[in-house]
Amino acid sequence: FIHEGLGQFEKLHKYLNAQGLAHSWFLCSASAYAQHKDTVPNVVPFHVPKENPKSYFYTKNIETRTQRSFYLKQAIGDLLKKTGLDLIVAHGSGGFPLQLFDEFDIPIISYIEFPSFGAHGHDKKYPQPEYSRYVDKLFEMSSYHQVIKSELVIVPSAYAKTMYPSMLQENIIPQMEGFDIVPKPSKFKKEPDCFYVGYTARDLSSAKGFEQFILIAKQILSRTQKKVRFVFCGAPKVLYSYEEVFLNQQYPEAERPASFMHYILQREGIDLSSNSAFQHVSFSAYDDFASFIDGMDMFLYPLQYGSANWGIFEIVFRGKIVIGSDRCFLPEVIESGRNGLLCPYDDIDYWTHCALKIIDAPLEYAYLGRNALRDANERFHISRVAPRYLDIFESAIAKRKLRRLNCSKR
């Protein structure tokens, strides 16, 4: 496995080694190596070059990845002096395999979360600036190249596969990573006789549904007499969309909100004082994040764009009731009425209607959470997912063998 940080592959790597299903190695950055070498087996560091300040603006990201890819090639060559390798699994950006193609007679699987920011999607109210579109073309070009050159490509969802041109999809396999999440008693401080509604995303952007969550929450509050608190967890810094560009264009620096999160709260007249119905929880230690999820009574998940959001799996593995949007990859996880509810993204009245039914009679809908937990363990637990990954790996190895055979006949 190759990833600058351990990322998506860590749990699978550890599970395969622990269960004796495969003898896997993990190539990661020197800093990740120093952090994990005592807890993760078979980790190998590779050099990560510093960004060249004189690089051409539009190509500097791909230039840095290309430089790093030469170090990956060197690390693979050094590893081959110690052990044979049947397969290389490389993260598309964090383990950029460009310099590995055609250099080793080893099948390569690339993992790509989504092929470009344009394909991923973003809220049209906060458009992609021109310079970002230029950079995105290089990102997309490298993603398509990996699909062509790899034996196979893994994406996290069937929805993510649809982001690629149909002519490339034959080489792409949807497979979500595996989880091993054990719910624990929550330490999250709650008021008595209060119903807690949660929202979580890596970044609090409109693309991930934060803006819609706030609008839905305000309408719920206007229509209920019950005591309800709305807690949102995530980083204010936006990663996958362009809300911050919008703020930079709309406000002079002295008047600019500190983040898109602050902009939405100010626009909607929401404060975060101790007596507010809203509370923000920052990303912190994983145990604190887990305790926040365990403490919520229900989650709203009005995702607008995304190929696979890891937060939803943290939620369903804790048996929580989820109301999600009926778009992107969520219908692959939630079957409405069985292990959660799905709503049209834009229909705030319907979101409010569904949420109030649960808030008014949570015990009547507890089965949704129980089914979510059971379904998560049956479909996404590492013990269920690892054999499917092994099947994908075997398919890639067989594909390379067939290519060798065909070449030998020419």
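The following legends describe close-up views of a predicted model.

**View 1. An aromatic pair formed by Phe 9 and Phe 26.** The search of the whole structure returns 30 aromatic pairs. In the pair formed by Phe 9 and Phe 26, the ring centres are 6.4 Å apart and the planes make an angle of 50 degrees, an arrangement classed as tilted. Phe 9 belongs to the segment before helix H1 (10–18), whereas Phe 26 belongs to strand S1 (residues 26–29); the pair therefore ties together parts that are 17 residues apart in sequence. Phe 9 and Phe 26 are both buried. One aromatic cluster is formed by Phe 1, Phe 9, Phe 26, Tyr 111, Tyr 389 and Phe 393.

**View 2. A stacked pair formed by Tyr 199 and Phe 213.** The pair counts as stacked because its planes lie at 25 degrees, with 5.0 Å between the ring centres. Tyr 199 is part of strand S7 (residues 195–203) and Phe 213 is part of helix H7 (residues 210–222), so the pair ties together parts that are 14 residues apart in sequence. Tyr 199 is classed as buried because its relative accessibility is 1%. Phe 213 is likewise buried, with a relative accessibility of 0%.

**View 3. Arg 327 over the face of Tyr 305 and over the face of Tyr 345.** From the ring centre of Tyr 305, Arg 327 lies at 5.3 Å. For Tyr 345, the distance from Arg 327 to the ring centre is 5.3 Å.

View 4. With a relative accessibility of 0%, Ser 325 counts as buried. Its side chain reaches the backbone oxygen of Leu 303 at 2.6 Å. When residues up to four places away in sequence are not counted, Ser 325 touches Tyr 301, Pro 302, Leu 303, Leu 330, Leu 342, Cys 343, Tyr 345 and Trp 351. Tyr 345, one of these residues, is also a ring over whose face Arg 327 lies.

**View 5. Ser 157 in the loop between strand S5 (152–155) and helix H6 (158–161).** A relative accessibility of 3% is the reason why Ser 157 is classed as buried. A polar atom of the Ser 157 side chain is 2.5 Å from the backbone oxygen of Ser 307. Beyond its neighbours within four places in sequence, Ser 157 contacts Pro 174, Ser 307, Phe 329 and Glu 332. The C-alpha atom of Ser 157 is separated by 16 Å from that of Ala 386, a residue 229 residues apart from Ser 157 along the chain.

View 6. The search of the whole structure finds 0 disulfides. Cys 233 is buried, its relative accessible area being 0%.

**View 7. The largest nonpolar core, with 41 residues.** Phe 210, Ile 214, Phe 232, Met 298, Leu 300 and Ile 323 have the most contacts inside this core. Helix H13 (residues 348–360) gives the most to the core, contributing 7 residues. Ile 323, its neighbours within four places in sequence left aside, is in contact with Met 298, Phe 299, Leu 300, Tyr 301, Leu 341, Cys 343, Trp 351, Cys 354, Ala 355 and Ile 358. Another core, of 32 residues, lies apart from the largest one and includes Phe 188, Phe 299, Phe 313 and Cys 328.

**View 8. The buried residues of helix H8 (residues 243–250).** Glu 243, Val 245, Phe 246 and Leu 247 are buried in this helix. The elements covering the buried residues of H8 include helix H5 (130–149) and helix H9 (260–267).

**View 9. His 36 in helix H2 (residues 30–36).** His 36 counts as buried because its relative accessibility is 16%, where the cut-off for burial is under 20%. Leaving out neighbours within four places in sequence, His 36 is in contact with Leu 6 and Glu 10.

Methods: Residues are numbered from 1 along each chain as its sequence is written. This is a predicted model: local features need pLDDT of at least 70, side-chain atom pairs count only at pLDDT 80 or more; totals for chains, interfaces and linings use all residues. Side-chain values use heavy atoms; hydrogens and water are left out. Rings of Phe, Tyr and Trp (its six-membered ring) pair if their centres lie within 6.5 Å; planes under 30 degrees apart count as stacked, over 60 as edge-to-face and the rest as tilted. Helices (H or I, at least four residues) and strands (E, at least two) are DSSP runs, numbered from the N terminus. Buried means under 20% relative accessible area, exposed over 50%, partly exposed in between (1.4 Å probe, protein chains only). A charge sits over a ring if NZ of Lys or CZ of Arg is within 6 Å of the ring centre and within 35 degrees of the ring normal. A polar contact is a pair of N or O atoms within 3.5 Å; within protein, one must be able to donate a hydrogen and the other to accept it, and residues adjacent in sequence count only if both atoms are side-chain atoms. Contact means heavy atoms within 4.5 Å. A disulfide is a pair of cysteine sulfur atoms within 2.5 Å. A nonpolar core is a set of buried Ala, Val, Leu, Ile, Met, Phe, Trp, Tyr and Cys residues joined through side-chain atoms within 4.5 Å.
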